Amino acid sequence: MELIVISESKLKVTLTPADMETYGLDFDGEDYDTTEGRRAIWRLFADVKERCGFDATGDRVLVQIWQSDDGGCELYVSKMPPAPPVMRTSAGARYVKTLYVFDALSEMLEVCRELAHHTYSRPSEVWVGDDGRWFLILESRSAGGDGLDELSFIEEYGTRERSPMALTVLAEHARPIAQGDAVARMARLA
């Protein structure tokens, strides 16, 4: 087993076929996300902690696995920030952060103008990505499903990112432009 500590929150683990057998890891099938598979990963993490001090206990972690042609694999382990909180208003409504992606600034500005017109007043953020795409983070009402809501119209202009990892990835590949009251500030530019 080879360990490379990339940062305080990232680690690369290279396992040989013998290491895979020692830990009882097999990523060939679709059923590796089992109780036994998780236990094997946590045994591996315990050894990693002992060898290099990288401790994933109590953290949300993302494990990306790439198999090698020789039967071994590389694991990239990233500690993730806590899940975004669910906010409650005094009326008991639940809000969650929702990310929208736009290919053009003009599309995002049009959405901000429309939201401001309809008096959107919850917190909002605008980010620009390394690839030139624009990102709008809004608080949307959590209804427990993917039904229509007051923000559904946005998908006519951009794409709603449904991955729970999207906000974490955003922080690595984009930079903030406006935070807090971004909708109101960006609407003035439309």
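1. Is Cys73 buried or exposed in this model? The structure is a predicted one, and within it Cys73 has a relative accessibility of 0%, so this residue counts as buried. Cys112 likewise counts as buried, because its relative accessibility is 0%. As for bonds between cysteines, the structure holds zero disulfides.

2. Turning to the aromatic residues, the structure holds three aromatic pairs. One of them is formed by Trp66 and Tyr76, whose rings lie 5.4 Å apart from centre to centre with 85° between the planes, an edge-to-face arrangement. This pair links distant parts of the chain, since Trp66 belongs to strand E3 (residues 60–67) and Tyr76 to strand E4 (residues 73–80), the two being ten residues apart. Trp66, at 45% relative accessibility, counts as partly exposed, and Tyr76 is also partly exposed, with a relative accessible area of 26%.

3. Phe153 and Tyr157 make up another of the pairs: their ring centres are 6.5 Å apart and their planes stand at 85°, and the pair is therefore edge-to-face. Because the relative accessibility of Phe153 is 21%, this residue counts as partly exposed; it should be read with the cut-off in mind, as buried means under 20%. Tyr157 has a relative accessible area of 30% and is partly exposed.

4. A charge placed over a ring also deserves mention, namely that of Lys79, whose charged end sits over the ring of Phe54 at 4.8 Å from the ring centre.

5. Helix H3 (residues 105–117) can be checked for its length. With 13 residues, and at 1.5 Å a residue, the helix should span 18 Å, and the C-alpha atoms at its ends are 18 Å apart, so expectation and model agree.

Notes: Residues are numbered from 1 along each chain as its sequence is written. This is a predicted model: local features need pLDDT of at least 70, side-chain atom pairs count only at pLDDT 80 or more; totals for chains, interfaces and linings use all residues. Side-chain values use heavy atoms; hydrogens and water are left out. Rings of Phe, Tyr and Trp (its six-membered ring) pair if their centres lie within 6.5 Å; planes under 30 degrees apart count as stacked, over 60 as edge-to-face and the rest as tilted. Helices (H or I, at least four residues) and strands (E, at least two) are DSSP runs, numbered from the N terminus. Buried means under 20% relative accessible area, exposed over 50%, partly exposed in between (1.4 Å probe, protein chains only). A charge sits over a ring if NZ of Lys or CZ of Arg is within 6 Å of the ring centre and within 35 degrees of the ring normal. The expected span of a helix is 1.5 Å times one less than its number of residues. A disulfide is a pair of cysteine sulfur atoms within 2.5 Å.
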